[in-house]
Amino acid sequence: MLQILALCNEAGVEGEGQLTGSPTEQALFDLVRRCGLDPDEVRRAHPFLEMHQRAEGRPLLSTLHHGADEQRLVAVKGSPGALLERCDWLLEPGRALAKADRDAILSLNEQLSGIQEA
C-alpha cells in the first residue's frame, strides 16, 4: 500500500524540504515517509510512464510505471466503491471477492471515515 501511495501521488519535495502538491497528496506522501519508506527511492525503482487523472465519471487516479522484469505496474487510488467495482479477488489465494466482502469493506470504510448513514 505504501508503494502505491508513493507512486500514485503528485506531491514532492522542493528546496528546503518543503512539500508540494495538494494537502491530501502531501499527507499521503508524508505518511509513506513516516512509515519508513523513501518515496523517491520507490519512484526510482518504478519509473513513471503516464498518469490518468480523476475526472467527471472517473473517480480514480492511476499511474503507469516500469515494473520488475520489463513488466508494467499500475498504481490506482480513488473512492473505495469505484476501486471495489474493479476487484474480483482477495489476496487470499483463489478466493473470489464476494458481495459480503465488498459490503464489509465499504462498511468499515464508512466507520473509519466517520460517515454516518442517515
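Helices (H or I, at least four residues) and strands (E, at least two) are DSSP runs, numbered from the N terminus. This is a predicted model, in which local features need pLDDT of at least 70, side-chain atom pairs count only at pLDDT 80 or more, and totals for chains, interfaces and linings use all residues. Residues are numbered from 1 along each chain as its sequence is written, and side-chain values use heavy atoms, with hydrogens and water left out.

Start with helix H5, residues 99-113. H5 has 15 residues and reaches 21 Å from its first C-alpha to its last. That is close to the 21 Å expected at 1.5 Å a residue; the expected span is 1.5 Å times one less than the number of residues in the helix. Gly-114 follows H5, and its phi is positive, near 85°.

The term means a side-chain nitrogen of Lys or Arg within 4 Å of a carboxyl oxygen of Asp or Glu. How open is each side chain? Lys-99 is exposed, with a relative accessible area of 59%. Asp-103 is partly exposed, at 38%.

Elsewhere, salt bridges that share partners join Asp-30, Arg-33 and Arg-34 into one network. Within it, Arg-34 bridges to Asp-30, with the closest N and O atoms 2.6 Å apart. Both residues lie in helix H2 (residues 23-34), four residues apart, about one turn of the helix. Arg-34 counts as exposed because its relative accessibility is 69%. Asp-30 has 21%, so it counts as partly exposed. The structure holds seven salt bridges. Another of them joins the side chains of Arg-86 and Glu-85, at 4.0 Å from N to O. Glu-85 is exposed, at 65% relative accessibility.

Now look at H2 as a whole. It has 12 residues and reaches 16 Å from first C-alpha to last, close to the 16 Å expected at 1.5 Å a residue. Which residues of H2 are buried? They are Glu-25, Phe-29 and Val-32. These residues cover an arc of only 55° around the axis, so they sit on the same side of H2. The arc is that of the directions from the helix axis to the C-beta atoms. The face turned away from this buried side carries the exposed residues Pro-23, Thr-24 and Arg-34. What covers the buried residues includes helix H1 (2-7), strand E1 (12-14), strand E2 (18-20), helix H3 (39-45) and E5. Just after H2, Gly-36 takes a positive phi of about 95°.

E5 leads on to a strand pair. Strand E4 (residues 60-66) and strand E5 (residues 72-78) run antiparallel and are joined by seven bridges. Two strands pair if DSSP finds at least two bridges between them. The bridge partner of Ser-62 in E5 is Val-76. The hairpin of E4 and E5 has five residues between the strands, and Asp-69 there takes a positive phi near 50°.

Next comes the loop between helix H4 (80-85) and H5, where Leu-97 lies. Is Leu-97 buried or exposed? Leu-97 is buried, with a relative accessible area of 9%. Leaving aside neighbours within four places in sequence, Leu-97 is in contact (heavy atoms within 4.5 Å) with Leu-84, Cys-87, Asp-88, Trp-89, Leu-90, Arg-102 and Ile-105. The C-alpha atoms of Leu-97 and Val-76 are separated by 18 Å, and the two residues are 21 apart along the chain.

Cys-87 raises a last point. How many disulfides does the structure hold? It holds zero. A disulfide is a pair of cysteine sulfur atoms within 2.5 Å. The sulfur of Cys-87 is 14 Å from the closest cysteine sulfur, in Cys-8, too far for a bond. For Cys-35 the closest cysteine sulfur is also in Cys-8, 17 Å away, and that is too far for a bond. Cys-87 is partly exposed, with a relative accessible area of 29%. Cys-35 is partly exposed too, at 46%.

Terms used
Buried < 20%, exposed > 50% of the residue type's maximum accessible area, 1.4 Å probe, protein only.
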